[in-house]
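Subject: Handover of a structure

Dear colleague,

Please find below the structure that I am handing over to you. My notes on it follow.

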Amino acid sequence: METSLRLRGGGGGGGSRPQSKSQEGLRIHAKEKLPIASNALLQAHGEIHAATGAPTYLALLFRNFYPRLSANLGLGLAIHFRNNQPLPLAWDNFSYTLRASKAIIPFPSNALLGINLKGRLLADKYFNPTTRTAAVELAWTILDLKRGQDVRLKLGYQLLHKMPYFQLRENNWTFNAYMDGKWDVRMDVAS
């Protein structure tokens, strides 16, 4: 199981979706990936707010990978708990998720420099679309920057929200910054 501590600042995270008070501040996130076929897995994840101990998010996602296309597709469902809602009310925040990504390597001589295309669609319990995101990223992976330390830099642009962003990722932590002043940090915890 992968566990991480996540912290958002500047009024939420991502610049692309509204964040409730329950999603701000320090949260404890856990994710488990269960292989179900050679190129498919079931991903279960959830998080709790560190200050209140209340759940903020639970999700189950089926992910399929297409190595020849350098692409993946995910389909799942999630419940967002807002303001410490009891479980029956949380079903009002039930959503479906569809996401896809495609990696493009424009320079075959340097496979560590690439372009990522990403898309995500969230729909409510009646299948009405609620959130759409699309992004293009320039990603550069630096292996062994220091011994045993890999670093990935991403410069991205959210196409629908017209929002540039930056990501710096190291083996055990990730920092995201958005042009609207929002940011988030993820620190992996050994489990």
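In the hairpin formed by strand 7 and strand 8, F127 adopts a positive phi near 70 degrees. Between these two strands lie 4 residues. Please note that the model is a predicted one.

Strand 7 covers residues 113–124 and strand 8 covers residues 129–146. The two are paired in the antiparallel sense, with 11 bridges. Within this pairing, I115 is found opposite L138 of strand 8.

Strand 8 also takes part in a hairpin with strand 9, and here 2 residues separate the strands. In that turn, G148 has a positive phi of about 75 degrees. Strand 9 comprises residues 149–158; strand 8 and strand 9 run antiparallel and are joined by 9 bridges. Opposite I142 stands V151, a residue of strand 9.

As to the chain as a whole, its secondary structure consists of 1 helix and 12 strands. Read from the N terminus, the order of elements is β-β-β-β-β-α-β-β-β-β-β-β-β.

The chain has 191 residues, of which 34% are buried.

Yours sincerely,
A colleague

Conventions: Residues numbered from 1 in each chain as written. Predicted model: local features only at pLDDT ≥ 70, side-chain atom pairs only at ≥ 80, totals over all residues. Heavy atoms only, no water. Buried < 20%, exposed > 50% of the residue type's maximum accessible area, 1.4 Å probe, protein only. Pairing = 2+ DSSP bridges.
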